[in-house]
Amino acid sequence: MSEVQELHFSRRSAVLAGLAAGAGALLGARARAAPPKSEVITKAIPSTGEKLPIIGLGTDRFRDSDQDTVTAEIRRMQSLGGTVIDTAAAYGDSEALIGQALTPQLRDRMFLATKLTASGSDYFGRGLAGTASFERSLTLLKTQRVDLLQVHNLDGVDQLLPQLQQWKQAGRIRYIGITTSRVSQHEQMLGFMRRLPLDFIQVDYSIDNRDAARSVLPLAAERRLAVLANIPFGFGAVLRQAQTRKLPAWAADIDVTSWGQFLLKYVVSHPAVTCAIPGSTQVAHLEDNQGAARGRLPDAAMRSRMEQFWDSGQA
Ligand SMILES: NC(=O)c1ccc[n+]([C@@H]2O[C@H](COP(=O)([O-])OP(=O)(O)OC[C@H]3O[C@@H](n4cnc5c(N)ncnc54)[C@H](OP(=O)(O)O)[C@@H]3O)[C@@H](O)[C@H]2O)c1
């Protein structure tokens, strides 16, 4: 399918989805005025006001994918209005596959985030450190600059920050961030958030892992930091658990048609979360996930209802 055809397809799907959502809204007991389904919901990066679509794409799993799959996913995401791609020097061939998939035109439409560490070691002890890592990322991603450069797993934050600030001033990166995906690192992350000039944090947050909402997310809001929410499906385990249960009928009130969308709308409706980055290596999964960027989002009361339902374990 050409890009033009994809766009046409996406518009037609959006219109059909909008009609379906409209009908659902009329029938729903808790129905409120629905925004047009054709519009992708965005949230602003606090430090600049630049808006990002609320559902992006995590690419750790691209390390096991082939070029055709990665190219198809990125093109499909673009046709559906998504822009945020999160990768890392440590994600195997992910950066190279993304770089190969991005035409110059497509690259300009994407918000590219990658990561580096000071030690250069990922979980498997591979990779390069600091400057060498960043230069390699630019080469593999075939770009002159990345939108967001993050210190991976808080490895060398103080050591790397002056260099990141220099690259930001030189226009080689647009935003600075730090990441974790472990509750055991949240306390350490809070310390960095309190004293460093960051634009972004990336943290683990899902309906089954709400620790970040106790302290990391409130501090992000206070410090006006954008938040990427990683592992929104608990590395897939939360979604698999969810899929053994029946999606509640009231999920239609927030324009949710799948468990993936239920879990993502919960995450991105937290006021401090800017964008969720679910990982997917299947186009059908990506399409499902991008559906969570449209329609109604849960309000505070609905978020409580979602939590209660999840915690009840009700089948
Ligand atoms: N410290 C850090 O900085 C850090 C750590 C971990 C992760 N991350 C970032 O967060 C991203 C997300 O993490 P993750 O990919 O490990 O875990 P995840 O997003 O919680 O879950 C991904 C899993 O869910 C499946 N999936 C996705 N959408 C689905 C759908 N609609 N229906 C059914 N299954 C679906 C995927 O299957 P398929 O692959 O078959 O589509 C995959 O098995 C990573 O890619 C990475 O960018 C950052």
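1. Q78 is buried, with a relative accessible area of 19%. That value falls on the buried side because the cut-off for this class is under 20%. The model under review is predicted. Q78 belongs to helix α2, which spans residues 67-79. Its C-alpha lies 7.9 Å from that of R109, although Q78 and R109 are 31 residues apart in sequence.

2. The protein chain as a whole may be described next. It contains 12 helices and 10 strands. Of its 315 residues, 54% are buried. The chain exposes about 13,600 Å², and carbon and sulfur atoms account for 53% of that area. When contacts between residues at least 6 apart in sequence are taken, 76% of them join residues at least 24 apart.

3. T117 is a further buried residue, with a relative accessible area of 9%. T117 is located in the loop that runs between β5 (111-116) and α5 (130-141). With neighbours within four places in sequence set aside, the contacts of T117 are L128, A129, G130, H152, D155 and L160.

4. The aromatic rings deserve a separate point. The model has 10 aromatic pairs. One of them joins Y175 and F200 in an edge-to-face arrangement, with 5.5 Å from centre to centre and 70° between the planes. Y175 lies in strand β7 (residues 173-179) and F200 in strand β8 (residues 200-204), so this pair ties together parts of the chain 25 residues apart in sequence. Y175 and F200 are both buried.

5. Y205 and Y266 make up another aromatic pair, in this case tilted, with centres 5.9 Å apart and an angle of 40° between the planes. This pair links distant parts of the chain: Y205 is in the loop between β8 and α8 (216-222), Y266 is in helix α10 (residues 259-268), and 61 residues separate them. Y205 is buried, at a relative accessible area of 1%. For Y266 the relative accessible area is 1%, and this residue is buried.

6. Which residue places its charged end over the ring of Y266? It is R303, whose charged end sits 4.3 Å from the centre of that ring.

7. A polar side-chain atom of D86 lies 2.6 Å from a ligand oxygen atom. Backbone atoms take part as well: an N or O atom of the F233 backbone lies 2.9 Å from an oxygen atom of the ligand, and a backbone N or O atom of G279 lies 2.8 Å from an oxygen atom of the ligand. The ligand taken alone exposes 930 Å², of which the protein buries 92%.

Definitions and conventions:
Residues are numbered from 1 along each chain as its sequence is written. This is a predicted model: local features need pLDDT of at least 70, side-chain atom pairs count only at pLDDT 80 or more; totals for chains, interfaces and linings use all residues. Side-chain values use heavy atoms; hydrogens and water are left out. Rings of Phe, Tyr and Trp (its six-membered ring) pair if their centres lie within 6.5 Å; planes under 30 degrees apart count as stacked, over 60 as edge-to-face and the rest as tilted. Helices (H or I, at least four residues) and strands (E, at least two) are DSSP runs, numbered from the N terminus. Buried means under 20% relative accessible area, exposed over 50%, partly exposed in between (1.4 Å probe, protein chains only). A charge sits over a ring if NZ of Lys or CZ of Arg is within 6 Å of the ring centre and within 35 degrees of the ring normal. A polar contact is a pair of N or O atoms within 3.5 Å; within protein, one must be able to donate a hydrogen and the other to accept it, and residues adjacent in sequence count only if both atoms are side-chain atoms. Accessible areas come from the Shrake-Rupley method with a 1.4 Å probe; for residues, only the protein chains shown count as cover. Contact means heavy atoms within 4.5 Å.
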